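Please open the model in your viewer, with chains and residue numbers displayed, and follow the stops below in order.

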Amino acid sequence: MADVAADIPKREPLILRILKSFVLLRESGVAMIGAGIIVFWVLMALFAPLVAPFPPNATLAPMLPPFSPFDGPEGGTFWLGTDHIGRDILSRIIYGSQTVLIYAPIATVCAYAVGILMGVVAGYKGGWWDDILSFVANLILSFPVLVLYVIIIATVGASGINILIAITFASAPGIMRIVRGLVLDLRTRDYVAAAQTRGESSMWIMLVEILPNARGPLIVDACLRLGYVTITIGVLGFLGLGLPPPNPDWGGMINETRTMAQVFPWMSVFPCLAISSLVLGLNLLADGLREISIKD
Amino acid sequence: MLVFLARRLAYMALTMLVLSLIVFLVLEFSPGSIATKVLGPYSSEEQRAIWLEENGYNEPLFVRYFDWLGGFVTGDLGESIKYKVPVNDILWDRLANTGILGLATFLVMIPLSLTLGVLAGMKEGSFQDRSISVVGIVFTSVPEFASAVLLSTIFVFGLGLLPGTSGMTDGFNFVELILPVMVLVLYDFGYVARMTRASMAEVMTTHYIRTAVLKGLPYRVVIMKHALRNALIAPFTVIMLQINWLLSGVIVVEFFFAYKGFGALLLEASLAQDIYVIEACAMVAVFVAVSTQTLADIGYTYLNPRIRFS
């Protein structure tokens, strides 16, 4: 018994394994570009007070085109111009990345928590658990997503928490379907049978034995979904159902200034490029990860 | 096949019924505020109470639900609070406009995405495949509202080629449809192309394709006669389910281009808490979504002989 245990190589510490999986990214150029874009925006969000040339909500000089100098006492340049009430667009985009990068991951994590729980229970328990959970998921999925958001937000009102709840409610069923499919396959494995023989509780088997082995496809899906959630937050802001002003929010910035696009195109074009680049980063990373996972 | 059809339709009816109950419950959440919406913020407490009584809001919830459902089934959708006309008078015109928009989008998107998907999937991993995939990803990453802003900055304000709004104020105008359709196609085609590519790539690895190539058939015949028929089954389902996504995209695009369609109506109604219009729109959206899913299921079964004959 002791000899067998000695033969099993020791697992490396968790941090080292995570670092090594980042090195794996280098196998795919697409994934590297995607990760680069994401890291760029994360750094922008983290160091916003240092990077942004002006405070995001300060009204300085209205309707200046890009590269205009600021005549005020502090000086400086409006690299991307100013908006209709004189706020610096570059600073608002930088601070806006904080909004997106706080709300989108939290909403995605909430949706995953609910979706994984539903999926694991439906897949592992089967029977009427599966019937009921699958029926509920199908019901929610048969709603066009944005119709669902518009109705929920219009009924309960627009606020950060409500946006999180709406996104969780609408995305969890999709995650549940994926997890359920994976669990249906994994629960026939020997290590699950071994755990059952040991007399582990079903909660333990579901969360400790099965779930970690389903992580591959889920990580790819999480990247894609983070992109959708980013778009959703943008769309809600764009439709006027997002976070209340004056919070700098990319979708909201576009909504406020799009009617002036004929005369002042820079006001809405730059936030559009910002949100598109972030979503592009997430999608490229997802595509690269899928490529790498197929290679193995 | 008949049993399957009957089961599918029964399931669809059940889904519609449960969803109608949910829509009803969510929207009837606060009858007090409905009275305020209809009578205005300066109405007195008594006036609101009388209005609620007259319109049957003091009946038990399930009585009102069946009232509403009964009216719905017989074609009485209630009256719009904002426009003060029956919902029937507004809804169908708007729906027809959205139908035109959706049809135009599909007419452009389906040939484009299927062609690109097949071209990419023919030679998996080739330069052609990678470049089509990356282009697809780039376009899918630009949200509809962003591409609407970017495209109108280029084509409307920059080049002055196209009109920036699609209100169709002087009758139907084809030119006003170009930008909305372009925005919807650009966002959606990447996904359908990617699904087609996956399906095509899978078919290309099968034995019967290898046999066809080895017996010396020209490559074009192998693709056109043998591979395509199997490779296009999966995209059919994807395209049908895409209608669900299109309904979402339509809200953004109609809002942006001031197109008088169903999505814009739903958004206006939601912002104005115009409850009967929201209910009618939500049920129409659900009906479209559920019936296309049913059609996709039935079509998939029909198209795939391996399922049809088993």
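**First stop: a helix of chain A**

In this predicted model, begin by selecting helix α7 of chain A, residues 145-156, whose twelve residues should span 16 Å at 1.5 Å a residue, which agrees with the 17 Å between its end C-alpha atoms. Colour α7(A) by accessibility next: nine of its twelve residues are buried, so the helix is largely enclosed by the rest of the structure. Just after α7(A), stop at G157(A), which takes a positive phi of about 90°.

**Second stop: a helix pair in chain B**

Now select α8 (residues 175-204) and α11 (residues 233-257) of chain B, which pack with their axes 9 Å apart and at an angle of about 160°. Since angles over 145 degrees count as roughly antiparallel, α8(B) and α11(B) are therefore described in that way, and α8(B) passes α11(B) in a right-handed crossing. To see the contact, show side chains including L184(B), Y191(B) and M195(B) from α8(B), together with I239(B), L246(B) and F257(B), which are among those from α11(B). By class, this contact of α8(B) with α11(B) has 15 nonpolar, four polar and one charged residues.

**Last stop: a loop residue**

Finally, select E59(B), which lies in the loop between α3 (45-54) and α4 (61-73) of chain B. Is E59(B) buried or partly exposed? At 43% relative accessibility, E59(B) counts as partly exposed.

Key:
Residues numbered from 1 in each chain as written. Chains lettered and ligands numbered in written order. Predicted model: local features only at pLDDT ≥ 70, side-chain atom pairs only at ≥ 80, totals over all residues. Heavy atoms only, no water. Axes fitted to C-alpha atoms, helices over the stretch in contact; angles between N-to-C directions. Helix = DSSP H or I, 4+ residues; strand = E, 2+ residues; numbered from the N terminus. Parallel < 35°, antiparallel > 145°, perpendicular 65-115°, else oblique. Left-handed = near helix turned anticlockwise from the far one by under 90°. Contact = heavy atoms within 4.5 Å. Nonpolar A, V, L, I, M, F, W, Y, C, P; charged D, E, K, R; others polar. Expected span 1.5 Å × (residues − 1). Buried < 20%, exposed > 50% of the residue type's maximum accessible area, 1.4 Å probe, protein only.
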